[in-house]
Amino acid sequence: MWCTLSRWLISRTEDTGKSLPRFAGRHVRGCGACGEFARTATTLSSRLRSERSAWLAGVPDFAVESGPDATPMPAAKAGAHEQRRSWLALRPLPVAAAATVIVAGALILFQVVLKEPAPTTEDRAAAMASLKTITSAPKGWQGVVRQAESPLDEERRILEKSVSSAVEYLQARLNIRIERREPQKPL
Amino acid sequence: MTETIAERTDEELAREARAGSRRSFDELARRYKRRLFVYLRPRLGSDEDAEDLVQDTFLKLYRNIGGYDPAFKFSTWLYTSANRLAIDSFRRRAAEKGQPVAERDLDIPDPAAGVGEGSDASGLWKEARTLGGDRFRVLWLRYGEDLSVEEIAAVLGRTRLAVRVLLHRARTSLAGRLGPDQRPMPRTAAAGQAIRD
């Protein structure tokens with residue numbers, strides 16, 4: 001079990017660069033097979049890297065056609081163009097359905113607008129009359145407005161009265177003259 | 001001093017190819033065709049199939065070069081495409097034969113690879129090729145292409161842990177096939193060693 005774990009940890013060291021835990025290091029020093037595995041794992045990477053070019057040199061050469069045309073379009077543009085074309089080619093039904101809906105909608109809209117008859121002179125006069133009846137407030141409404149405003153007026157009058165009596169008292173008591181200032185204009 | 005095309009990095013060449021440079025694309029194809037061949041060969045039945053798949057990969061790359069993001073390594077992008085094409089091709093051929101195919105079926109070791117070729121300068125890779133599809137692929141991507149565990153996981157569509165497990169198994173298998181002189185042993189001796197272990 002220690003051998004399996006130690007070898008996994010040796011591999012982990014190779015892949016992640018983490019150091020070998022102390023218990024595994026002790027085991028590797030004591031176990032010949034794991035020590036051999038550690039040495040092999042360390043040398044394996046450098047040997048595989050160094051033997052790579054020799055192995056590739058032994059692979060027979062072959063031709064690769066990298067593109068269908070001798071003078072290709074700029075790749076990015078060609079890709080985008082092809083994408084657009086394939087989008088249309090792959091989805092003809094949704095495209096046709098969308099076009100039909102747009103055309104039908106436009107036709108209905110135009111028919112509604114065009115078929116609506118132009119207003120006659122009588123219609124205009126009637127519209128103006130009804131507008132006037134709306135804008136001129138009924139007499140009853142004015143009374144309602146006044147009723148709504150009167151408690152506020154009443155309150156203001158009482159307040160003014162009490163303030164002016166207080167002013168009179170102060171004038172008489174302190175023998176001074178207090179004048180009413182003009183209300184300030186709003187900024 | 002003008003930099004020659006051979007001195008440019010893969011990512012620089014891919015950027016130029018994306019902008020429409022056929023020369024840069026050809027240079028990329030020249031750099032990678034053999035590397036892709038050795039990566040794909042163990043999965044396929046013959047050298048011709050592997051060459052065809054390399055060709056298909058470059059055609060796909062040519063069509064999609066506009067979608068390459070230079071923020072990523074070119075090799076990761078290329079191997080991801082090649083991997084997908086290899087899986088598609090394998091499934092298509094299996095479907096033509098009327099056989100169901102599972103992902104593990106892609107890991108059949110290449111029986112023609114590495115037999116009796118263990119003594120030259122590339123003996124270790126030839127031995128690695130006989131380990132089986134996934135184990136060989138992770139070894140190639142790790143040490144042949146210098147990809148990180150994260151990049152290999154992205155190429156193969158696996159988790160990082162799965163890649164580390166595969167790398168560990170590949171190392172263990174390969175270490176078991178090396179003799180005391182750290183050279184690949186003949187097959188019969190390696191089998192005997194494996195039994196003793």
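**A helix pair in chain B**

Guide: Gladly! Helix H4 (residues 74–97) of chain B packs against helix H7 (residues 149–156) of chain B at an angle of about 30°, their axes 8 Å apart. Axes here are lines fitted to C-alpha atoms, for helices over the stretch in contact, with angles running from 0 to 180 degrees between N-to-C directions; helices are DSSP runs (H or I, at least four residues), numbered from the N terminus. This is a predicted model, in which local features need pLDDT of at least 70, side-chain atom pairs count only at pLDDT 80 or more, and totals for chains, interfaces and linings use all residues. Residues are numbered from 1 along each chain as its sequence is written, and chains are lettered from A in the order in which they are written.

H4(B) and H7(B) are therefore roughly parallel to each other (angles under 35 degrees count as such). The crossing of H4(B) past H7(B) is right-handed, meaning that the near helix is turned clockwise from the far one by less than a right angle. On the H4(B) side, Thr76(B), Tyr79(B), Thr80(B) and Asn83(B) meet Glu151(B), Ala154(B), Val155(B) and Leu156(B) of H7(B), a contact being C-beta atoms, placed from the backbone, within 7 Å. These residues divide into 4 nonpolar, 3 polar and 1 charged (Ala, Val, Leu, Ile, Met, Phe, Trp, Tyr, Cys and Pro are nonpolar, Asp, Glu, Lys and Arg charged, the others, Gly among them, polar).

As for confidence, H7(B) has the highest mean pLDDT among the elements of chain B, 91, on the predictor's per-residue scale from 0 to 100. Chain B has a mean of 79.

Methods. Helices (H or I, at least four residues) and strands (E, at least two) are DSSP runs, numbered from the N terminus. Angles under 35 degrees count as roughly parallel, over 145 as roughly antiparallel, 65 to 115 as roughly perpendicular and the rest as oblique. Two residues are in contact if their C-beta atoms, placed from the backbone, lie within 7 Å.
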